[in-house]
Amino acid sequence: MTPPSAAKQSLSSPLLANEPVNSEIFRLDFEWKGRAPRAGQFFMIKPKRTSVFLGRPLSAASWTKTKNENSAVGFLVARRGRGTEELAGMRPWEEAELTGPLGNAWADFLPAPDGKKIALVGGGIGVAPLEAFAAELAGRSFDFYAGFRTGFGGGEERRGMLGPALFPNGELIIAVEDGGGDLKGRIPDFLDPAKYGAVYACGPEAMLKTAAAKCAALGVPCFVSMERRMACGVGACLGCTIKTTNGSRRCCADGPVFEAERIIFDEQAG
Ligand SMILES: Cc1cc2nc3c(=O)[nH]c(=O)nc-3n(C[C@H](O)[C@H](O)[C@H](O)COP(=O)(O)OP(=O)(O)OC[C@H]3O[C@@H](n4cnc5c(N)ncnc54)[C@H](O)[C@@H]3O)c2cc1C
Ligand code: FES
């Protein structure tokens, strides 16, 4: 599905808040006076004072009205390299160029209510676009699965990481590979797709592949948000292709959300 990229905007937006969740993850809130994102959509973000040439794609994790009636868009970010380190170092009122909202949305693939719950399955920083979906799904019943490599330090860190997902209209299932008070193991191992009308997943590709295979075996529709390094973010450079059963597709403009059964997981360049 091609998104309405004509509706994207590039705006210079001041940072409203930069809150560390732990040593690796932080939350950023920017003022955003453009079109509201839908859950699953992303922005290309580049600080005004920067040493990197290209913006970095980040999924909208939240969307709020601030006290002074301006809107704010929130991101949950993991430090990876130079671009995300620069974002981590931003202070309130410093500006960044935000281009978006870009790409398609989870709700483009939402089945009509049929009495069955849906499952949101996030791995690591992949919980970010699902938090936004959890907020959007207020009227639907869903379970939220969140998987991490290591455990949380405490309640504050848990709240920082999971945000609105802590209060789903259903169960919150947390699995940690090294245990630490939560279920021990990989999150797809705890997913029984038979309980759900559809499954929505975002996280490392190995996790998406496992979740997709479990859903396919039971004929349960599964939708995955894919990640690629991006240059333009709007479908022009063909730098972010994904191999699908329909041929190559652009992660930024044809996705990032795809039907899992279309993705040829074993042939992805990563
Ligand atoms: C649609 C989309 C939504 C995203 N949403 C979020 C989000 O909400 N929060 C978040 O923290 N991150 C998100 N990412 C990933 C984020 O864009 C990258 O981590 C970031 O661009 C890395 O930039 P950098 O300059 O810090 O690292 P770089 O110096 O560019 O790279 C550091 C390391 O990360 C790897 N890497 C960089 N970009 C990607 C990528 N897109 N996929 C896989 N590996 C990559 C590089 O190969 C390298 O090993 C998203 C990516 C996409 C495509
Ligand atoms: S990043 Fe340029 S086509 Fe997707």
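Author: This is a predicted model. We can start with aspartate 143, which lies in strand 9, residues 142-148.

Reader: Why is aspartate 143 called buried?

Author: Its relative accessible area is 1%. Buried means under 20%. Aspartate 143 is therefore buried.

Reader: What makes the pair of aspartate 143 and tyrosine 196 a polar contact?

Author: The two side chains make that contact at 2.6 Å. The cut-off for N or O atoms is within 3.5 Å, with one atom able to donate a hydrogen and the other to accept it. The pair of aspartate 143 and tyrosine 196 counts as a polar contact.

Reader: Is phenylalanine 167 buried or exposed, and how do you know?

Author: Its relative accessible area is 65%. Exposed means over 50%. So phenylalanine 167 is exposed.

Reader: Where is tryptophan 32, and why is it called buried?

Author: Tryptophan 32 lies in the loop between strand 2 (25-31) and strand 3. Its relative accessibility is 0%. The limit for buried is under 20%, so tryptophan 32 counts as buried. Its C-alpha atom is 9.1 Å from that of tryptophan 63, a residue 31 places away along the chain.

Reader: What makes helix 2 mostly covered?

Author: The helix spans residues 127-136, and eight of its 10 residues are buried. Among them are Val127, Leu130 and Phe133, and also Glu131.

Reader: Now the core. Which residues have the most contacts inside the largest nonpolar core?

Author: Val121, Tyr145, Leu191, Val199, Val224 and Met226. The core has 32 residues. Helix 4 gives the most, with five residues. Elements giving two or more include strand 3 (42-47), strand 8 (117-123) and helix 5 (251-254).

Reader: Which domains does this core draw on?

Author: It takes at least three residues from each of domain 1 (5-102) and domain 2 (106-225). As a general matter, nonpolar side chains in soluble globular proteins tend to be buried together.

Reader: On to ligand 1. Which residues come nearest?

Author: Arg56, Pro57, Gly83, Thr84 and Arg229, out of 19 residues around ligand 1. By class, that shell has nine nonpolar, four polar and six charged residues. Strand 4 gives the most, with four residues.

Reader: How do you know that ligand 1 has polar contacts with the protein?

Author: Take the distances one by one. An oxygen atom of ligand 1 is 2.7 Å from a side-chain N or O atom of arginine 56. A nitrogen atom of ligand 1 is 3.1 Å from a polar side-chain atom of serine 59. At leucine 76, a backbone N or O atom is 2.8 Å from a nitrogen atom of ligand 1. The cut-off is within 3.5 Å, and each of these distances meets it.

Reader: How much of ligand 1 does the protein bury?

Author: Taken alone, ligand 1 exposes 880 Å², and the protein buries 78% of that. Strand 4 (56-59), strand 6 (71-78) and helix 1 (82-88) each give two or more residues to the shell.

Reader: Now the backbone. What is noted about phi of tryptophan 93?

Author: Phi is near 80 degrees, a positive value in a residue other than glycine. Most residues other than glycine have a negative phi. Tryptophan 93 is in the loop between helix 1 and strand 7. At 60% relative accessibility it counts as exposed, because exposed means over 50%.

Reader: What about leucine 238?

Author: Its phi is near 60 degrees, again positive. Leucine 238 is found in the loop between strand 13 and strand 14 (241-244). Its relative accessible area is 57%, so leucine 238 is exposed.

Reader: Which residues does a cis peptide bond join?

Author: One joins glycine 100 and proline 101, with omega about -10 degrees. Proline 101 is in strand 7, residues 95-102. Another runs from glycine 255 to proline 256, with omega near 15 degrees. Proline 256 is in the loop between helix 5 and strand 16 (257-259). Most peptide bonds are trans.

Technical notes. Residues numbered from 1 in each chain as written. Chains lettered and ligands numbered in written order. Predicted model: local features only at pLDDT ≥ 70, side-chain atom pairs only at ≥ 80, totals over all residues. Heavy atoms only, no water. Near = heavy atom within 4 Å. Areas by Shrake-Rupley, 256 points an atom, 1.4 Å probe, with all protein chains shown as cover. Nonpolar A, V, L, I, M, F, W, Y, C, P; charged D, E, K, R; others polar. Core = buried A, V, L, I, M, F, W, Y, C linked by side-chain atoms within 4.5 Å. Buried < 20%, exposed > 50% of the residue type's maximum accessible area, 1.4 Å probe, protein only. Domains from an automatic or database assignment.
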